[in-house]
Amino acid sequence: MPSKKALVRRPSPRLAEGLVTHIAPEPVDAALALRQWEGYVETLRAHGWQTVEVAAADECPDGVFVEDTMVVFRNVALIGRPGAQSRRPETEAAERAASGLGMSINHVREPGTLDGGDVLKIGDTVYVGRGGRTNAAGVRQLRAAFAPLGARVVAVPVSRVLHLKSAVTALPDGTVIGHPPLVDDPSVFPHFLPVPEEAGAHVVLLGADRLLMSASAPKTAELLAALGYTPVPVDLTEFEKREGCVTCLSVRVRELYG
């Protein structure tokens with residue numbers, strides 16, 4: 001059977017010192033952030049996901065955004081090389097956790113940079129955002145790692161948000177959803193559905209018709225419910241202040257066999 005494992009890492013007490021690029025910094029309540037993270041993790045578990053906690057990195061303010069450390073395709077984890085130099089120490093412990101699950105490990109090498117949040121997988125198509133954190137060399141190395149496994153890698157522009165998945169994610173049927181003011185070129189995607197809220201652009205597929213999403217997007221939740229999906233909202237206000245969302249708080253591993 002396919003796996004349902006999720007790598008997670010608890011937030012650093014220094015979360016408020018994390019990087020922001022497209023929004024103004026706001027005060028962050030570290031205690032509330034920890035409670036929200038615990039609620040996020042518990043929601044994954046309640047929907048059948050086994051969570052694997054990556055060793056804490058309290059010295060890394062952005063370490064909770066563990067998705068940026070790697071990209072997983074089939075049974076291979078491509079360990080990223082974050083575009084922000086201050087985030088590069090985050091990858092070591094994440095790599096150990098991925099290796100502990102039995103995944104094959106590859107690495108993005110200099111001069112390539114690649115953040116996992118820039119990668120959206122829909123079936124065998126892998127969209128990669130070319131923007132501030134992922135460069136052309138990183139895209140080439142991702143293609144070299146995953147094309148032999150059957151991936152079709154498509155580079156797309158990202159200029160209005162931090163990462164590709166800050167702008168778009170996908171529904172179970174492959175429809176890409178996004179808040180239009182933040183999407184550089186919706187025509188890149190064969191099927192695109194605009195949503196009315198920025199936070200509504202981010203969903204995690206929990207299984208069946210269930211979509212993990214931010215409680216900050218009630219109008220989008222109504223839209224998705226009308227399409228037959230079951231929104232599962234979680235409060236993520238403290239992470240949204242640091243340009244975070246439901247996708248970047250975990251690495252979902254769905255094709256780990258053994």
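Reader: How many of the residues in the protein chain are buried?
Author: Buried means under 20% relative accessible area, exposed over 50%, partly exposed in between (1.4 Å probe, protein chains only). Here buried residues make up 53% of the 258 in the protein chain. Keep in mind that this is a predicted model, where local features need pLDDT of at least 70 and side-chain atom pairs pLDDT 80 or more, while totals for chains, interfaces and linings use all residues. Residues are numbered from 1 along each chain as its sequence is written, and side-chain values use heavy atoms, with hydrogens and water left out.

Reader: What secondary structure does the protein chain have?
Author: Helices (H or I, at least four residues) and strands (E, at least two) are DSSP runs, numbered from the N terminus. The protein chain has six helices and 15 strands.

Reader: And how many aromatic pairs are there?
Author: Rings of Phe, Tyr and Trp (its six-membered ring) pair if their centres lie within 6.5 Å; planes under 30 degrees apart are stacked, over 60 edge-to-face, the rest tilted. This structure holds three such pairs. One of them, Phe65 with Phe239, is edge-to-face, at 6.2 Å centre to centre with 85° between the planes. Phe65 sits in the loop between β2 (50-53) and β3 (70-73), and Phe239 in helix α6 (residues 237-240), 174 residues apart.

Reader: Are Phe65 and Phe239 buried or exposed?
Author: Both Phe65 and Phe239 are buried. Phe73 and Phe146 form a tilted pair, 5.4 Å centre to centre and 35° between the planes. Phe73 is in strand β3 and Phe146 in helix α3 (residues 136-146), so this pair ties together parts 73 residues apart in sequence. Phe73 and Phe146 are buried too.
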